Amino acid sequence: MDNKSKFIACIGTINYKILGEIEAIKIKQINTLADYSFYSGLGRKTTMGFGGLKRLS
């Protein structure tokens, strides 16, 4: 990587809303994925430390 390279990033909040009827197991699966996102990261260059997430309750 040279000094001319730039990475575009952002800081913000993401909210998800489940609409309509949904089974309890689907909600558990979605919550499991949301918990896992802390460890997996999101987007590009996650192996370099980019894409860090923190889940807010």
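Tutor: Happy to! The chain has one helix and zero strands; helices (H or I, at least four residues) and strands (E, at least two) are DSSP runs, numbered from the N terminus. Before we zoom in, please keep in mind that this is a predicted model, where local features need pLDDT of at least 70, side-chain atom pairs count only at pLDDT 80 or more, and totals for chains, interfaces and linings use all residues. Residues are numbered from 1 along each chain as its sequence is written, and side-chain values use heavy atoms, with hydrogens and water left out.

Let us start with the setting. The C-alpha atoms of the chain fill a box of roughly 50 × 20 × 15 Å along the principal axes. The radius of gyration of the chain is 15 Å, while a compact globule of 57 residues would have a value near 10 Å; this radius is taken over C-alpha atoms, and the globule rule is 2.2 Å times the number of residues to the power 0.38. Of the 57 residues, 4% count as buried. Here buried means under 20% relative accessible area, exposed means over 50%, and partly exposed is in between (1.4 Å probe, protein chains only). The accessible surface of the chain comes to about 6000 Å², and 56% of that belongs to carbon and sulfur atoms. Such areas come from the Shrake-Rupley method with a 1.4 Å probe, and for residues only the protein chains shown count as cover.

Now to the helix itself. A search of the whole structure finds one salt bridge, meaning a side-chain nitrogen of Lys or Arg within 4 Å of a carboxyl oxygen of Asp or Glu. The partners are Arg55 and Asp35, whose side chains meet at 2.6 Å, N to O. Asp35 sits in helix α1 (24-40) and Arg55 in the segment after the helix, so the bridge ties together parts that are 20 residues apart in sequence. In general, side chains of opposite charge can pair when their charged atoms come close. Asp35 is partly exposed, at 42% relative accessible area, and Arg55 is also partly exposed, at 42%.

With a relative accessible area of 18%, Ser37 is buried. Its side chain reaches the backbone oxygen of Ala34 at 2.6 Å. This is a polar contact, that is, a pair of N or O atoms within 3.5 Å; within protein, one must be able to donate a hydrogen and the other to accept it, and residues adjacent in sequence count only if both atoms are side-chain atoms.

Next, look for the aromatic rings. The structure holds one aromatic pair. The rings of Phe38 and Tyr39 have centres 5.0 Å apart and planes at 90 degrees, so the pair is edge-to-face. For the cut-offs, rings of Phe, Tyr and Trp (its six-membered ring) pair if their centres lie within 6.5 Å; planes under 30 degrees apart count as stacked, over 60 as edge-to-face and the rest as tilted. Phe38 counts as exposed at 53%, and Tyr39 is exposed at 65%. Phe38 also gives you a sense of distance, as its C-alpha is 30 Å from that of Lys4, 34 residues away along the chain. Lys4 lies in the segment before α1 and is exposed, with a relative accessible area of 75%.

Ile27 is another residue of helix α1, and it is partly exposed at 34%. Together with Ile18, Ile22 and Ile30, Ile27 makes a nonpolar surface patch of about 300 Å². Patches are made of residues with over 30% relative accessible area and no salt bridge: like charges are joined within 9 Å, nonpolar side chains (Val, Leu, Ile, Met, Phe, Trp, Tyr) within 5 Å.

Finally, step past the helix to Lys45, in the segment after α1. Lys45 has a phi near 60 degrees, a positive value in a residue other than glycine. Most residues other than glycine have a negative phi. Lys45 counts as partly exposed, at 31% relative accessibility.
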